[in-house]
Amino acid sequence: MRTQVAIIGGGPSGLLLAQLLHGQGISSIVLERQTRDHVLSRIRAGVLEQGLVGLLEEVGCGDRLHTEGFTHDGTLISFGDEMFRVDFTEHVGKPVVVYGQTEVTRDLYAARDASGGQTIHSVENVVIKGANTASPTVVFEVDGEASIIECDFVAGCDGFHGVSRKTIPETVRRDYEKVYPFGWLGILSETPPVNHELIYANSSRGFALCSMRNANLSRYYIQCDLDDSPDNWSDEAFWNELRRRIPPDQASALVTGPSVEKSIAPLRSFVTEPMRWGRLFLCGDAAHIVPPTGAKGLNTAASDVNYLYRALAEFYKTGSESGLDEYSAKALARVWKAERFSWWFTTLMHRFPGQSEFDLKMQIADLEFLRSSASAQKAMAENYVGLPY
Ligand code: APR
Ligand code: PHB
């Protein structure tokens with residue numbers, strides 16, 4: 001097989017890149033380890049920055065997003081029984097859109113199908129060869145049958161556990177990591193959201209988050225120990241604990257119901273540098289991970305994809321490699337700002353094991369400052385709605 005860009009990974013990064021390249025007349029083949037149903041069964045955050053909304057509109061995936069997504073002009077932050085609102089539109093003139101990542105991925109697959117783009121599922125033993133040559137190849141198997149893709153470039157969009165990052169030699173690559181001493185126990189319930197906006201809660205019992213997917217599908221999280229298990233939590237136990245962590249008026253308004261999904265996610269910050277090696281370019285979770293607190297995972301993947309697709313379009317149109325040469329530094333500059341915001345918000349909102357009384361005082365002072373200072377709220381809003389590309 002021959003294509004211009006071989007894309008490893010059929011998640012949001014790979015699919016968005018494939019469709020943006022298609023719009024520039026650049027061919028690609030997407031290789032995905034899982035079945036499509038498996039990819040679409042993943043439950044993930046869907047708080048979309050305007051930059052991502054614009055890219056989705058550019059590839060023809062704006063319709064459902066605008067009819068089924070929720071525009072959020074702000075978010076609620078509570079600590080103890082106090083609650084205040086950070087108004088994004090007031091401070092920075094733009095909102096975010098809440099639209100599940102599963103739906104984003106579904107829309108991108110539909111666009112891929114409509115464009116006749118090739119996506120190969122259930123691939124195994126993917127190996128990138130000659131990444132640092134002018135003619136890389138990607139070999140893989142499906143049902144034991146080996147195939148090879150000859151291409152000009154390889155986009156590693158295969159997430160944290162993929163092969164792309166590990167293709168960059170350890171002598172070239174440098175990894176940065178911070179693992180947080182807690183996880184998020186998440187529940188999905190077919191119930192109306194407790195509030196029309198998200199509630200981020202820092203309570204003496206730990207962090208909680210009230211979010212949603214649509215008017216009758218809510219997503220809630222509570223901070224839990226790393227060694228905890230969803231099996232330790234009945235639905236009733238979860239709801240009772242959530243009620244204890246959010247303000248009383250919200251707790252009394254909470255509509256509970258049976259969980260349709262319950263899982264624990266660990267929290268980590270991770271970045272690998274560089275995000276390019278020869279003709280291999282990393283995008284999204286293949287290169288970086290953020291704690292979900294700032295909802296930056298999908299949005300930072302999108303900014304990587306934006307930089308890469310424009311660089312590839314420039315190359316094929318003019319032969320210039322300047323965009324490609326600038327890709328890693330440009331993407332990382334924005335990645336690190338997203339990492340900082342995600343780390344800051346995680347540190348602000350969670351109770352850390354062994355946290356000293358002084359640390360707790362600092363946390364409360366930080367929250368009081370955020371509540372009372374327009375400039376602090378503007379800084380948070382600027383990061384939450386998305387820094388410019
Ligand atoms: N070969 C082919 N596909 C692979 C391989 C491989 N060796 N390894 C992993 N994959 C696939 C995974 O099955 C997954 O579908 O690559 C895809 C990577 O998708 P994501 O992990 O969703 O990463 P990305 O597309 O960068 O999207 C980032 O997803 O995980 C969330 O929080 C994250 O919101 C962020 C977004
Ligand atoms: C979610 O809806 O799953 C969600 C929303 C916002 C976050 C994290 C997760 O910061």
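Q: Before we start, what are the ground rules on numbering and confidence?
A: It's a predicted model, where local features need pLDDT of at least 70 and side-chain atom pairs count only at pLDDT 80 or more, while totals for chains, interfaces and linings use all residues. Residues are numbered from 1 along each chain as its sequence is written, chains are lettered from A and ligands numbered from 1 in the order in which they are written, and side-chain values use heavy atoms, with hydrogens and water left out.

Q: OK, strand S12: which residues point which way?
A: Phe153 and Ala155 point one way from S12 (residues 153-156), Val154 and Gly156 the other way, and all are buried. Buried means under 20% relative accessible area, exposed over 50%, partly exposed in between (1.4 Å probe, protein chains only). Strands are DSSP runs of E, at least two residues, numbered from the N terminus.

Q: And which strands does S12 pair with?
A: Strand S1 (residues 5-8) runs parallel to S12, joined by 4 bridges, and Val5 has Phe153 as its bridge partner. S12 also pairs with strand S19 (residues 280-282), again in the parallel sense, over 3 bridges; there Val154 stands opposite Leu280. Pairing takes at least two DSSP bridges between the strands.

Q: Switching topic: what order do the strands take in the S9, S10, S11 sheet?
A: S9-S10-S11, open and antiparallel. S9 (124-129) and S11 (145-150) are at the edges with a single partner strand each, so one side of each has no neighbour in the sheet. Twist from one strand to the next averages 15°, taken between axes fitted to C-alpha atoms, with angles running from 0 to 180 degrees between N-to-C directions.

Q: How many bridges between S9 and S10?
A: 4 bridges join S9 to S10 (residues 137-142), and Lys129 has Thr137 as its bridge partner.

Q: Where's Asn195, and what does it touch?
A: Asn195 is in the loop between S13 (174-189) and S14 (199-203), and counts as buried at 16% relative accessibility. Leaving out residues up to four places away in sequence, Asn195 touches Leu76, Met212 and Gln250, contact being heavy atoms within 4.5 Å.

Q: Last one: how many disulfides?
A: The structure holds 0 disulfides, a disulfide being a pair of cysteine sulfur atoms within 2.5 Å.
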